[in-house]
Every structure is written in C-alpha cells, then in structure tokens.
Amino acid sequence: MFPTQAKLSCLLPDTEIDWKAYMAQVEGVINGTYDYTQLQGDTGPLVYPAGFVYIFMGLYYATGRGTDIRMAQNIFAVLYLATLLLVFLIYHQTCKVPPFVFFFMCCASYRVHSIFVLRLFNDPVAMVLLFLSINLLLAQRWGWGCCCFSLAVSVKMNVLLFAPGLLFLLLTQFGFRGALPKLGICAGLQVALGLPFLLENPVGYLSRSFDLGRQFLFRWTVNWRFLPEALFLHRAFHLALLAAHLTLLLLFALCRWHSTGESILSLLRDPSKRKIVSTLFTSNFIGICFSRSLHYQFYVWYFHTLPYLLWATPARWLTHLLRLLVLGLIELSWNTYPSTPCSSAALHVCHAVILLQLWLGLQPFPKSTQHSKRAH
C-alpha cells in the first residue's frame, strides 16, 4: 500500500470513489515507475493517458499529497464554475437556447454537482478542456483548439467521441492537405505527453491508456440494465453497437453535415465554414447513444450539451414542455441508483427522441452559410 492510501483511509465513504486510486497511481509515477503495467490503485490499474498523470500530479501536490480533500473539492468547485463559463460562452455565440434553460443547467442536476465536487472524478477535467477547445475553434483558433482537444483526450479517452465531428470540420474548413498539420498537432501532443512512458514500455502504455476493448461491469451500467448480463458482455453485442455508431455517423456526415448539392469529395476540394457546435455535439451524442456502457460519472460527457441538442433545431412537435420533460427523465435516469430496467429504458427513449429531432431538424447546411460570420 502506498503511503497516500493509508493517509486517505479517513475519507468519508460517500465522497470518495476513485480519488485514492488516482493519488496512488500518480504517487507511483512520482516514485519513479514509468511502466504503465506496474501502476495500480485501489480500483485497479492506471487506464488513463499521460495527461491525466500530469494534471493529477499537480493536484497531488496542491492537496498535500492527496490528503487535503477540502482543498481538492474547492479546486473542483472552481473547475465546475469554469465549465459553466465556457459552456455559456458557447451558447452565447449560438443564440439558440432560451435563457430559462440555463437555470436547469446550473441548479437542477444533483448528479453533476456530485461528480464535480464530491467524487472528484477525472471526467470533469477532460470536459473543461474540451469546452475550452470548442471556444477556441469558434474563435477560429484552429491550431490551439486542436491542441486543447488533444490535451482533453490525454486526460480521458471519452473525448474521442467528438473526434469524428472534429475531423469533418477540419476537412471541410481546410481540405485534406490543410487538415494534416492540425491532425499532426493532435498526434504530436499525445506522443510528447506519453514519451516517458512510451520509452519505458510502449506496448504497456498504449494498451492500458487507449484500451478500446475494455470490459465494463454490468453492476455499474446505467443504460443497459434491461438486458441479460450475458448479452451485455457478449462481443457480438459490442460489435453491433459499433456498427450502428459508425453507420449513424456516416448518415449524418452525408445527409446532415454538408452543404446541399455537394459531395464529400467536393468538400475536400473546396473547404468551407461549418456549424461547429452542431457537428461536435451531435458527434458526441451519437457515441453516447451507442456506448457499450455508461457509468454514473459519464453523465458529464454530455450533460452540458443536452439543452443545445434539444433546443437548437426547430421541431414543432417538440414543445418547450416536452423538451423539459426529456431533460427531467434523463436526469431521473441518471439519479436512479442502482439503475433499473425502467430507468435504462427511459434513458434510451429520451435519447431516441433527441436523435429523431436532430435528424429532422438538422437540415443540410446551405451553401450560403459558407460566407456566414456565425460560428453556430
């Protein structure tokens, strides 16, 4: 047991899930272990990329080697406010969501407040960097935006759900050749951050920090509780979800994200400005809908994007009241612990309603938007 683990044993059980494991894993690196296969915590091996290690190493020192939980909670409270500020800046530039919705974003989610300030998960750290990246993209700072996006990926791999949308935006904005330097920024930062671990054990680092085949426990699933556990764990089910995910991304790219009358090949030859927020948020949401499993802390992966997804596209059949009902049912599903078949089914129904609205409401972007100054 690392010294930090012993010192943290006095933590209240209702405020700590992964913090002790984070601190133990970081302490292993501080003590000179760079082989990812040797870095362990109470909840298992280190499975996050190198950016996580550096950021939580800073938190390790800022919180007295991880023992000052009140300081950690204060830092995460500031992180929460920074997240709201960045999200509000995005929404301000799109002018699509009615102001009263922001009350629900700030005050109505006990689960999100818990994830940030009580549980101290790494998910909020990744998301605040992601929202910073989107703000930079909206400001046409594409290089810095890609850098922050890659930094977010280096904290937790879930940010890759935004990657198909970002790739589409880069191709349409710069063309194939112009997008290569931006993609090089993303890849180069990953190599630079992971270099100490890659030099020690490259296979161990890549297999642990970017494990796409990681198996999830049925006991923690929020979205597939109504399935038999054997089916939930079956590889064929995972492949079917992946196929559905990729198919829907392709359909949106072909039918909803590009200009009317343009082919994908013409987009590569003639890059143009696109609706950045819609493309990125939709890309992430499609990934959420077809995730092999969603755990409770994963709610922050898309919570702050839900108002945009519900209100940004016109749909007469979906009134303000129905949209609020969808938000409420999603919140209820994420606050039901342990999850039940009904809560999981309700979550999928709400996701299906949002997907249907996105498909019906996101008309192919007209060519006139190529010269529009709006970033939405």
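Predicted model: local features only at pLDDT ≥ 70, side-chain atom pairs only at ≥ 80, totals over all residues.
**Figure 1. Packing of helix α2 against helix α3.** Helix α2 spans residues 19-30 and helix α3 spans residues 50-62. Their axes lie 9 Å apart and meet at an angle of about 100 degrees. Angles of 65 to 115 degrees count as roughly perpendicular, and α2 and α3 are therefore roughly perpendicular to each other. On the α2 side, the contact is formed by Trp19, Tyr22, Met23, Gln25, Val26, Glu27, Val29 and Ile30. On the α3 side, Phe52, Val53, Phe56, Met57, Leu59, Tyr60 and Tyr61 take part. Sorted by class, the residues of this contact comprise 13 nonpolar, one polar and one charged.

**Figure 2. Packing of helix α12 against helix α17.** Helix α12 (residues 235-255) packs with helix α17 (residues 341-361) at an angle of about 25 degrees, and the two axes are 11 Å apart. Because angles under 35 degrees count as roughly parallel, α12 is described as roughly parallel to α17. Helix α12 contributes Leu248, Leu251, Phe252 and Cys255 to the contact, while α17 contributes Leu355, Leu358 and Trp359. Seven residues of this contact are nonpolar, with no polar and no charged residues.

Figure 3. Ser154 is located in the loop that lies between α8 (142-153) and α9 (163-200). Its relative accessible area is 1%; since buried means under 20%, Ser154 is buried. A polar atom of the Ser154 side chain lies 2.6 Å from the backbone oxygen of Leu151. Leaving aside residues up to four places away in sequence, Ser154 touches Pro49, Ala50, Gly51, Phe52, Gln190 and Leu193.

Definitions and conventions
Residues numbered from 1 in each chain as written. Heavy atoms only, no water. Axes fitted to C-alpha atoms, helices over the stretch in contact; angles between N-to-C directions. Helix = DSSP H or I, 4+ residues; strand = E, 2+ residues; numbered from the N terminus. Parallel < 35°, antiparallel > 145°, perpendicular 65-115°, else oblique. Contact = heavy atoms within 4.5 Å. Nonpolar A, V, L, I, M, F, W, Y, C, P; charged D, E, K, R; others polar. Buried < 20%, exposed > 50% of the residue type's maximum accessible area, 1.4 Å probe, protein only. Polar contact = N/O pair within 3.5 Å; in protein donor to acceptor, adjacent residues only side chain to side chain.
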